[in-house]
Amino acid sequence: MQFFEIPQLLTREEVAKARAILNQAEFVDGSATAATIGPAVKKNLQIKATPENVRPVLKIVQSALLSREAFTGAVFPRKLHLNINRYENGMHYGAHNDAAIVGHVASAVRTDISFTIFLADPSQYDGGEMVIRAPTGDVEVKLPAGDAIVYSGSTVHRVEPVTRGARLATFGWAQSFIGDPTKREILAQLRATRRAIIEDQPNAHYLNDLGNAYNNLMRLWTEN
């Protein structure tokens, strides 16, 4: 999996609720979490921790992610770590890889999969495109509010400078039950194929065998 989009992960009502809450939230200098790359690369604003008044936003996003087959069927999420950032005029995030582990020790998450859910419509700001480095070249991503982009945690990416307005987004990482990306891709393809057959041929005699093979691979490859 290089990357894929999930249109309308959040409804307009959920986006509006999230923005209303975040209008009252306190943002701090995001470079404090930039590890060794420093503020020269990362210049944005970020929720400092997870204040109680912001938790409803993260719950909305987490619920939306875990209810969508497009996400669960490709990621096999075991644990999630979520945060919120904001880019104002002149802010940007240079090319980088995400840290391998995020969060405190007791709740640390290995960043197998990264994701960003846009909370501002493209008309509300200029610049701020996410640029993903792909084998075929750079790909610019700037999605409507409520849409998500999901990509491998090892992907090199950046956020272009914002030149007008503010770019607001929820972002985070998933640790997968299937740590090996090749195995994860195999299971995702098998799962999608099985679901398609169930829709087209719900009485197919081989569905039980196919389901058994899928579940046996899940048992074999799932990490404790």
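Q: Taking two strands as paired if DSSP finds at least two bridges between them, which residue of strand 13 does isoleucine 113 stand opposite?
A: Isoleucine 113 stands opposite serine 152 in strand 13. Strands here are DSSP runs of E with at least two residues, helices are runs of H or I with at least four residues, and both are numbered from the N terminus. This is a predicted model, in which local features need pLDDT of at least 70 and side-chain atom pairs count only at pLDDT 80 or more, while totals for chains, interfaces and linings use all residues. Residues are numbered from 1 along each chain as its sequence is written, and side-chain values use heavy atoms, with hydrogens and water left out.

Q: How many bridges join strand 9 to strand 13?
A: Five bridges join strand 9 (residues 113–118) to strand 13, and the two run antiparallel. Strand 13 (residues 148–152) is also joined to strand 1, by four bridges and again antiparallel, with isoleucine 6 standing opposite alanine 148 in strand 13.

Q: And what is the strand order of the open sheet of seven strands?
A: The order is 1-13-9-16-5-4-2, with antiparallel pairing. At the edges are strand 1 (3–6) and strand 2 (27–29), each of which pairs on one side only. From one strand to the next the twist averages 30 degrees, where axes are lines fitted to C-alpha atoms (for helices, over the stretch in contact) and angles run from 0 to 180 degrees between N-to-C directions.

Q: Back to strand 13, how many of its residues are buried?
A: Strand 13 is mostly covered, with five of its five residues buried. Buried means under 20% relative accessible area, exposed means over 50%, and partly exposed lies in between, using a 1.4 Å probe and protein chains only.

Q: What about threonine 116, buried or exposed?
A: Threonine 116, which is found in strand 9, has a relative accessible area of 5% and is therefore buried. Once residues up to four places away in sequence are set aside, threonine 116 touches several residues, including Ala148, Ile149 and Tyr151, as well as Met130 and Phe171; contact means heavy atoms within 4.5 Å.

Q: How is strand 11 joined to strand 12?
A: Strand 11 (residues 130–134) and strand 12 (residues 137–141) run antiparallel and are joined by five bridges, and a hairpin links strand 11 to strand 12 through two residues. Isoleucine 132 has valine 139 as its bridge partner in strand 12.

Q: And how many bridges between strand 6 and strand 14?
A: Two bridges join strand 6 (residues 92–96) to strand 14 (residues 157–159), with the strands running antiparallel. Tyrosine 93 stands opposite valine 159 in strand 14.

Q: On to helix 1, which of its residues are buried?
A: In helix 1 (residues 12–22) the buried residues are Val15, Ala18, Ile21 and Leu22. They cover an arc of only 130 degrees around the axis, which puts them on the same side of helix 1; the arc is that of the directions from the helix axis to the C-beta atoms. Arg12 and Glu13 are exposed on the other side of helix 1.

Q: What do those buried residues pack against?
A: The buried residues of helix 1 pack against strand 2, helix 2 (55–66), strand 5 (77–87) and strand 16 (167–176).

Q: And alanine 188, which helix does it lie in?
A: Alanine 188 lies in helix 4 (residues 181–200) and counts as buried, at 16% relative accessibility. Leaving aside neighbours within four places in sequence, alanine 188 is in contact with Gly73, Ala74 and Phe76.

Terms used:
Two strands pair if DSSP finds at least two bridges between them.
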